[in-house]
Amino acid sequence: MAEYYDEILNEIDQYIARGEYDDAAFLVRRELAMPYIPPETEQALRSREADLRFLRTARRREKEWTLSEILDQLLHGREKGQLAAAAKLTERNLRNCTAELQTYLSRDPLPEAASLIIDSLAEQEVNEEFVYRKNGVEYTFWADAVTPVSASTGFRKALRIMENHYLQDPVKAEAAKGMLIHECYLFLPLSYEEDEADRLAEEIISQVEDLYSD
């Protein structure tokens, strides 16, 4: 798996070099949420996390987005703007804007942006009820009752299964991991239980094999 971690660190460094700090921070956050990280890799990720904290603070000093600006972009922006706004909101105290988030989630929003918000609401244990409309289906949930993706037992077990399955194929392992994370985020506010992990891992492995066979 050393090759996989080298590729991830290189990808993070490329984002940082291009000034795409939100994308770099997302990768760092994703990797640090994993159940196991080699000690040397964790040290490298922590170092980049500190660098990003400094760089993002410097950028914010140049132009600090107010909460109102972020929410306006979330509620009225195009898809890319919504995703950027959702990423910025993960760094804020979401208790300060629950009414706006309730409105946003009820409007059948961009699923990727909505997933970031729901996961952050769960991590911050916001004791509020939300209605999330996705593809015409409504989900009513209390944010503090939602399991964050990184804490999902089904996610953790499925990840272990896939890592073992692709132990000798880091390229497919990376693809499988990305698909699993995407699937679990988009499944929010629901989460996969441990007894669903085998089926989930099999489905992701099947998708990876189909992808590479094509």
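A nonpolar core is a set of buried Ala, Val, Leu, Ile, Met, Phe, Trp, Tyr and Cys residues joined through side-chain atoms within 4.5 Å, where buried means under 20% relative accessible area (1.4 Å probe, protein chains only) and exposed means over 50%, with partly exposed in between. The model is predicted, so local features need pLDDT of at least 70 and side-chain atom pairs pLDDT 80 or more, while totals for chains, interfaces and linings use all residues. Residues are numbered from 1 along each chain as its sequence is written, and side-chain values use heavy atoms, leaving out hydrogens and water.

**Stop one: the core.** Select Leu89, Leu101, Leu105, Leu121 and Leu180: they have the most contacts inside the largest nonpolar core, which has 63 residues. Zoom in on Leu180. Beyond its neighbours within four places in sequence, Leu180 is in contact (heavy atoms within 4.5 Å) with Phe155, Ala158, Leu159, Met162, Leu200 and Ile204.

**Stop two: a helix pair.** Now pick helix H6, residues 98-105, and helix H7, residues 111-123; their axes lie 11 Å apart, at an angle of about 140°. Which residues make the contact? H6 brings Leu101, Tyr104 and Leu105, and H7 brings Ala113, Ala114, Ile117, Ile118 and Leu121.

**Stop three: Thr98.** Stay in helix H6 and click Thr98. Is Thr98 buried or exposed? Thr98 counts as buried, because its relative accessibility is 14%. Skipping neighbours within four places in sequence, you'll find Thr98 in contact with Val126, Glu128 and Phe130.

Conventions: Axes fitted to C-alpha atoms, helices over the stretch in contact; angles between N-to-C directions. Helix = DSSP H or I, 4+ residues; strand = E, 2+ residues; numbered from the N terminus.
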